[in-house]
Amino acid sequence: MENTFINEYLPSASGDYVKVYLYGLLYAQHGGEMTHGLMARQLRLSMETVEAAGNYWAQMGLVRKVPCADGGLDFDIEFVSIREKMYGNMPKEETP
């Protein structure tokens, strides 16, 4: 885990929002499917709290809400690299 999250974002976020972020990040990194409803049940939180957490992290710039391909009202959550957010896209160093 990037220490930047711990140092810059964790102190100002509510505990429930941190739980939602970390749990969602775990599933995103391992290619798992997760829904707001399933996350709410597994974390024992209300749907409103899970949705509010998603909105909070989107406002902080750590996640993006990506409209689903079917054009419906649903959306996917895409996690943003904190390093990329803070420093931009840095070119990979070429190895000799």
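Mentor: Let's start with a term: a residue is buried when its relative accessible area is under 20%, exposed when it is over 50%, and partly exposed in between (1.4 Å probe, protein chains only). This is a predicted model, in which local features need pLDDT of at least 70, side-chain atom pairs count only at pLDDT 80 or more, and totals for chains, interfaces and linings use all residues. Residues are numbered from 1 along each chain as its sequence is written, and side-chain values use heavy atoms, with hydrogens and water left out.

Trainee: Thanks! What percentage of the residues in the protein chain is buried?

Mentor: The protein chain has 96 residues. Of these, the buried ones make up 24%.

Trainee: In what order do the elements of the protein chain run?

Mentor: Helices (H or I, at least four residues) and strands (E, at least two) are DSSP runs, numbered from the N terminus. The chain has 5 helices and 2 strands. From the N terminus on, the order is α-α-α-α-β-β-α.

Trainee: Within what arc do the buried residues of α2 fall?

Mentor: Those residues are Val 18, Val 20, Tyr 21, Gly 24 and Leu 25. The arc is that of the directions from the helix axis to the C-beta atoms. Looking down the axis, the buried residues of α2 line one face of the helix, because they fall within an arc of 160 degrees.

Trainee: Which elements do the buried residues of α2 pack against?

Mentor: Contact here means heavy atoms within 4.5 Å. By that criterion, the partners are α1, α3, α4, β1 (63-67), β2 (75-79) and α5 (82-87).

Trainee: Nice. Which residue forms a salt bridge with Arg 64?

Mentor: A salt bridge needs a side-chain nitrogen of Lys or Arg within 4 Å of a carboxyl oxygen of Asp or Glu, and the count comes to 1. Arg 64 lies in β1 and its partner in β2, so the pair ties together parts that are 14 residues apart in sequence. Arg 64 is partly exposed, at 42% relative accessible area. The closest N and O atoms are 2.5 Å apart, and the partner is Glu 78.
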